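Open the model in a viewer with the cartoon and the ligand shown.

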Amino acid sequence: MSVQTAKVIAMAGKGGTGKTTTTALLIKYLVERGLTPVMAVDADANANLNELLGLEVDTTMGEIRDRMKTDTPQGMTKSEFMEMHIAQAIIESTGYDLLVMGQPEGPGCYCMANSILAQVMEGLARSYRYMIVDNEAGMEHLSRLNLRNIHTLFVVSDPSARGVLTAARIADLTNSLGVEVENKVLMVNRVPQPVPEALDNHVKEAVAKPDRKFGGYIPASDEIFDAEMAQKSLLELPEQTEAVKAAWSVFEKYLN
Ligand SMILES: Nc1ncnc2c1ncn2[C@@H]1O[C@H](COP(=O)(O)OP(=O)(O)OP(=O)(O)O)[C@@H](O)[C@H]1O
Ligand SMILES: [Mg+2]
């Protein structure tokens, strides 16, 4: 049985809905509330979480996995090689560390690399209070990380009727992946103010099933737009920013 001490929080949702943005706001929340140490995992093959955190990436887990196949020196096991290099790939920052998964395996079976990776991830999870996983659209990468339990899955949606219904369906996919999810929480992002009543009705319908919860609305934000344009870290946004306040009040309900 796997021992997981870090509470795993995962972000899911369609492309471009705001998964990485909300991941950055979540890291900001945990760090500023002292709910540390936090391990942030960028599980998107087109990794960009580091940019929203103002960090440079040297190497990824994918690169280490590929090097393991050819570069493991004699007298060292592949497992030892992975462990050593993964430790070097962890980017340390204040209150949190970042690990970038990088490209998934190409054609051919690298089952061993994956099982070593899974083992190392499991070991890592023991040294952190929270593990935050930013995903790309789709849910397969969650199985790649071999996580058995997710404390909270935030499904981020755009403010549209079809968007919120799709988000609800994405939340259901975890069942078929064999991952236990304690909280499935819908967040609707980039919402116009005031919140249109029609959207509110669609949200109610989308979360009608008992295993789904509605976290809240995050407004469309000029501050996030400006930070993105200036390529500035979202960690620097003032706490009073409306979108930050809205996101944090969602996080507060599930994480403490
Ligand atoms: N609340 C918001 N207000 C304004 N802009 C936002 C907001 N949330 C996200 N954005 C912008 O929307 C774009 C997409 O956001 P983000 O990259 O977080 O989405 P994503 O779901 O991670 O996308 P992908 O599926 O490509 O990984 C970015 O340019 C981001 O700055
Ligand atoms: Mg993203």
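Which residues of α1 are buried? Select K19, T20, T21, T22, T23, A24, L25, L26, I27, K28, Y29 and L30; a residue is buried if 20 or more other C-beta atoms, placed from the backbone, lie within 10 Å of its own. Helices (H or I, at least four residues) and strands (E, at least two) are DSSP runs, numbered from the N terminus. With 12 of its 14 residues buried, α1 is largely enclosed by the rest of the structure.

This is a predicted model, in which local features need pLDDT of at least 70 and side-chain atom pairs count only at pLDDT 80 or more, while totals for chains, interfaces and linings use all residues. Residues are numbered from 1 along each chain as its sequence is written, and chains are lettered from A and ligands numbered from 1 in the order in which they are written.

Go to the residue after the helix: α1 is followed by G34, with a positive phi near 75 degrees.

Next, colour the sheet. Its eight strands form an open sheet in the order β3-β4-β2-β5-β1-β6-β7-β8, with mixed pairing (two strands pair if DSSP finds at least two bridges between them). β3 (91-92) and β8 (213-219) are at the edges with a single partner strand each, so one side of each has no neighbour in the sheet. β7 and β8 run parallel, joined by five bridges; select M187 and its bridge partner in β8, G216.

Finally, show ligand 1. Of the 20 residues around it, G18, K19, T20, T21 and E228 come nearest (C-beta atom, placed from the backbone, within 6 Å). The elements giving two or more residues to this shell are α1 (19-32), β7 (180-191) and α9 (222-229).
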